[in-house]
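Subject: Structure for you to look at

Hello,

Here is the structure I promised to send. Please open it first, then read my notes below.

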Amino acid sequence: MISENLLSIKNLKTHFTVGESVVKAVDGVSFNLEAGKTFAIVGESGSGKSITALSIMGLLPNNLAQTERGEILFDNKNLIDLEENEMRKIRGNRISMIFQEPMTSLNPVYDLSFQISETIILHQKKSKEQARKIAIEMLDLVGIPEPQKRIDSYPHELSGGMRQRAMIAMALSCNPKILIADEPTTALDVTIQAQIIDLMQELQKKLGMSIIFITHDLGVVSEISDHVMVMYLGNVMEIAETSELFNNPLHSYTKSLIDIAPQISDEKREIKVLRGEIPSPTNPPSGCVFRTRCPNPGIGCKGGDIEMGLIEAKPGHWVDRCCYECNQT
Amino acid sequence: MIRVENIKKYFPIKDGFFNNKSGDVKAVENVSFEIPEGEILGLVGESGSGKSTLGRAIIRLIEPTQGNIFYKNKNITKLSDSEMRKLRKDFQIIFQDPYASLDPRKKIYDIISQGLKVHEKMDKNSINQKVEEIIQDVGLQKEHLNRYPHEFSGGQRQRIGIARALVLHPKFIIADEPVSALDVTIQAQILNLILELKKKYSLTILFISHDLSVINQIADRVMVMYLGHIVEVANTSNLFSNPQHPYTRSLIETAPQIFRKNKKKTLLKGDIPSPINPPSGCVFRTRCPNPGIDCKGGNIEMGLIEVEPGHWVDQCCANCN
């Protein structure tokens with residue numbers, strides 16, 4: 001790819017030690033995030049989407065999680081190797097994050113003015129008054145009516161949609177290069193979800209940041225992202241441009257997800273089903289992790305002899321080699 | 001099967017030192033509808049629209065403030081508690097959150113058999129037999145009966161919730177957002193299970209959901225609810241191919257889709273207003289993308305009119321269009 005990679009992740013592994021067993025929450029994830037683009041990570045709960053994001057932000061407790069090997073390259077630095085005080089300069093400033101549940105991620109005992117100013121004062125060395133002014137501008141930018149008045153509200157005085165807007169304002173207040181959005185619309189009603197997606201796209205155009213958008217909803221992916229990565233049980237199944245992925249999926253997990261996603265159509269469709277549940281990450285299947293649920297596993301695949309690993313099937317379209325080889329034969 | 005006439009539910013708000021009533025939360029306003037036997041009626045709306053309250057009011061889990069409910073042509077609104085209790089086994093609910101709706105201290109066997117013990121005078125063996133039969137019907141095994149809820153995944157718990165609801169062979173089921181808390185692959189499994197069991201047990205279902213795509217897949221007919229009012233009713237294919245109310249239209253246009261035919265999106269501005277103080281006249285007018293002149297003033301009363309056979313829409317919007 002010729003276009004510029006803002007963030008480049010190579011073979012990221014985040015493992016947790018729980019008692020005697022090791023949970024491989026993220027097990028060898030690689031992808032590139034291009035400047036000004038939106039990269040979606042999609043998967044079921046337990047697939048490792050959020051842990052990937054938290055690893056990039058360096059927000060996992062060191063004593064529990066080992067981010068082994070691998071590289072997170074941003075600005076010619078490997079974020080894994082950075083000391084905590086260096087990471088602090090990046091977090092919330094150059095890379096920031098918004099979360100699923102805006103009620104639990106805003107602090108209920110502080111007003112918006114304090115919470116939004118905090119990052120501005122810390123990272124941009126502004127005075128309190130200047131920070132408050134910027135905070136008001138940010139609230140205006142994210143479409144909160146009467147920002148002059150709203151700035152002194154507490155989180156419980158806002159509706160779910162307004163809280164999510166306030167979170168976005170806070171995340172964008174230092175003009176970050178990358179915004180990581182972890183299921184930002186999942187807790188919201190459809191009409192509000194549409195407003196927030198629209199807002200994020202508008203802000204991306206205006207501010208030119210890149211977005212990593214984590215979701216379980218393929219419909220939302222199709223609306224917002226340029227590239228998609230499908231994850232399952234800590235592993236990457238497929239990476240491609242959004243339209244390529246939906247029109248020409250290569251992995252059987254991706255195909256199943258597209259088949260079963262509920263879609264509005266005029267005539268009644270048969271409901272398709274993918275059997276079974278995601279296995280426990282403490283004891284994942286050997287070889288291809290998806291083989292226990294695969295609708296049409298190959299012979300090599302069934303035995304669990306094929307190791308996981310991405311193959312570039314077409315330029316820019318990567319798929320796990322197990323499924324790729326199955327489809328070839 | 002079920003007929004509801006002008007049902008209303010107001011929750012009083014009490015304030016101050018003497019607990020004086022200072023207002024009402026108008027959760028459900030003048031709702032009338034019928035569910036014929038064997039139908040899946042979808043009820044869709046945002047949070048705060050009154051879907052769950054309506055669902056609970058029609059089986060009198062909360063007492064409606066006004067209106068009449070008929071079950072098999074019998075008015076059940078005024079039945080005494082003991083008479084109502086006998087009917088209870090015909091009505092069951094499947095809840096949204098399979099984590100909160102199963103008692104964590106009870107074994108699965110006890111959770112499922114409780115209804116049988118209360119309603120049917122059966123000996124232990126026949127109870128065992130029934131429970132074992134139903135647990136297999138929902139796709140779990142006998143061995144699971146001796147376990148506790150925390151040992152199961154979300155999808156399995158929802159299966160247990162369904163088993164609990166069906167063990168008494170009810171006639172009418174209210175499924176209150178049964179798949180909202182589940183992953184997509186599990187969601188499809190549960191929807192399929194509900195359809196299978198509907199056939200096997202000849203159920204009539206009120207299916208409540210905020211997700212139009214789910215409603216589209218499962219319902220025969222759909223009611224759209226907004227701020228306590230039904231704003232549109234039609235059979236599923238009619239509603240989705242020819243929506244009349246701007247609220248329905250916007251819901252359909254903004255539902256995220258993988259393959260979207262129509263790129264046009266009409267975003268609704270703002271949030272759903274408070275049901276304590278709803279807008280006068282048409283309750284949707286504060287968010288309507290193109291309100292008419294009469295509509296803006298709030299002078300048009302709410303009420304459904306039939307625009308084509310079986311397709312009802314609120315009169316305010318029907319006139320505007």
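I will start with one loop. P145(A) sits in the loop of chain A that runs between α5 (128-141) and α6 (147-150). P145(A) counts as exposed, because it has 11 C-beta neighbours inside 10 Å and the cut-off for exposed is 12 or fewer. V23(A) and P145(A) are 122 residues apart in sequence. In space, their C-alpha atoms are 45 Å apart.

Before going further, a word on confidence. This is a predicted model. The scores are ipTM 0.86 and pTM 0.90. For chain B the average pLDDT is 90. In that chain, 99% of the residues score at least 70.

Now chain A as a whole. Chain A has 13 helices and 13 strands. Along the principal axes, its C-alpha atoms fill a box of roughly 65 × 55 × 45 Å. The radius of gyration of chain A is 21 Å. A compact globule with 329 residues would have one near 20 Å, so the chain A value agrees. Of the 329 residues in chain A, 49% are buried. I also looked at chain A contacts between residues at least 6 apart in sequence. Of these, 63% join residues at least 24 apart.

Next, the core. The largest nonpolar core has 186 residues. I212(A) and F207(B) have the most contacts inside that core. In general, nonpolar side chains tend to be buried together in soluble globular proteins.

Last, the contact between the two chains. Chain B puts in 35 residues and chain A puts in 34 residues. On the chain B side, the elements giving two or more residues are α6 (184-200), α7 (212-218), α8 (236-241) and α9 (246-254). Of these, α6(B) gives the most, with 8 residues. By class, the side of chain B that touches chain A has 16 nonpolar, 15 polar and 4 charged residues.

When you open the model, P145(A) in its loop and F207(B) in the core are the two residues I would look up.

Best wishes

Key
Residues are numbered from 1 along each chain as its sequence is written. Chains are lettered from A and ligands numbered from 1 in the order in which they are written. This is a predicted model: local features need pLDDT of at least 70, side-chain atom pairs count only at pLDDT 80 or more; totals for chains, interfaces and linings use all residues. Helices (H or I, at least four residues) and strands (E, at least two) are DSSP runs, numbered from the N terminus. A residue is buried if 20 or more other C-beta atoms lie within 10 Å of its own, exposed if 12 or fewer, and partly exposed in between; C-beta atoms are placed from the backbone. pLDDT is the predictor's confidence in each residue, from 0 to 100. A nonpolar core is a set of buried Ala, Val, Leu, Ile, Met, Phe, Trp, Tyr and Cys residues joined through C-beta atoms within 7 Å. Two residues are in contact if their C-beta atoms, placed from the backbone, lie within 7 Å. Ala, Val, Leu, Ile, Met, Phe, Trp, Tyr, Cys and Pro count as nonpolar, Asp, Glu, Lys and Arg as charged, and the others, Gly among them, as polar. The radius of gyration is taken over C-alpha atoms; the globule rule is 2.2 Å times the number of residues to the power 0.38.
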